[in-house]
Amino acid sequence: MGRLKTETAELHAVAEAKPLEEALIGGSINHGQYKKYLEQRWVVHRELEAAADRALASDSRLAALGLPGLYQTRNIEEDLAHLGADTASIRAMGGSEGLLAMIRGAGSTAVLMGIFYVFEGSKNGARYIAKSLAKAWGKADLQGLKYLDPHGEAQRGLWMKFREDMNAIAWSEAEQDAMVEAAKETFRAISALDDEIHAG
Ligand code: HEM
């Protein structure tokens, strides 16, 4: 986990500074863009979590992580329902297609967990985004913001547990290299997707 953090720090800084992310944290994103953001995250999380289910069935090392408790597909569906959006009409944008291809092509648990790490870690900053949007939109509750703040006060503890459980797995050197590479690729793909959403 130390390697993942250090070796993706530069790419995190790039992702965080993308106009879409700035609009999210600044509370200036409009409802249309927020809906599109959630729709494309839904496309990706659905695939990622289906792949994680398969990995759980085939690699016993993942059992302690409690991955299903971290899944986001249902949370996004709740947020979309709150916005009155229907998942049946969602089409993957180019950037999401790229992420889907990465997930489908992940040839190992290590690669898959490199991708998973990026989305799991993003919950840390997303809590601040949820607060910011709630304030900007004059909301007293976090309805419609479940994806951004799925765990509330439990977030910190869950992240620490994820870090400990990941570190407790005896990943080989080659697996660590593959995981870091996959995480980097994921950050790049998310930045590209964010730009696509922001432009369109
Ligand atoms: C407005 C945008 C963002 C802000 C303000 C932000 C902020 C943060 C902060 C403050 C942390 C550190 C949490 C802690 O350890 O206490 C963090 C961690 C992290 N964020 Fe972001 N973030 C943003 C966007 C993103 C995006 C778009 C992604 C990727 C989808 C991402 C992925 C991660 C990851 C993987 C970590 C964990 C780093 C580690 O290994 O410790 N973040 N973020």
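**Close-up 1. Helix 5 and helix 8 where their axes approach and cross.** In this predicted model, helix 5, covering residues 94-105, and helix 8, covering residues 173-199, have axes that come within 8 Å and cross at roughly 160°. Because angles over 145 degrees count as roughly antiparallel, helix 5 and helix 8 are therefore roughly antiparallel to each other. The crossing of these two helices, helix 5 and helix 8, is left-handed.

**Close-up 2. Residues at the contact of helix 5 with helix 8.** From helix 5, Gly94, Gly95, Ser96, Gly98, Leu99 and Met102 take part, and they meet Glu185, Thr186, Ala189, Ala192, Leu193 and Glu196 of helix 8. By residue class, this contact of helix 5 with helix 8 is made up of 5 nonpolar, 5 polar and 2 charged residues.

**Close-up 3. The shell around the ligand.** The ligand is surrounded by 19 residues, of which the closest are Lys5, Gly121, Ser122, Asn124 and Gly125. At least two residues of the shell come from each of helix 1 (2-16), helix 2 (19-25) and helix 6 (109-136), and helix 6 provides the largest share, with 9 residues. Sorted by class, the shell around the ligand holds 11 nonpolar, 5 polar and 3 charged residues.

**Close-up 4. The protein chain that carries these sites.** The secondary structure of the protein chain consists of 8 helices and 0 strands, in the order α-α-α-α-α-α-α-α along the sequence. The C-alpha trace of the protein chain spans about 50 × 35 × 35 Å along its principal axes, and the radius of gyration of the protein chain, 16 Å, agrees with the value near 16 Å that a compact globule of 200 residues would have.

Technical notes:
Residues numbered from 1 in each chain as written. Predicted model: local features only at pLDDT ≥ 70, side-chain atom pairs only at ≥ 80, totals over all residues. Near = placed C-beta within 6 Å. Helix = DSSP H or I, 4+ residues; strand = E, 2+ residues; numbered from the N terminus. Nonpolar A, V, L, I, M, F, W, Y, C, P; charged D, E, K, R; others polar. Axes fitted to C-alpha atoms, helices over the stretch in contact; angles between N-to-C directions. Parallel < 35°, antiparallel > 145°, perpendicular 65-115°, else oblique. Left-handed = near helix turned anticlockwise from the far one by under 90°. Contact = placed C-beta atoms within 7 Å. Rg over C-alpha atoms; globule rule 2.2 N^0.38 Å.
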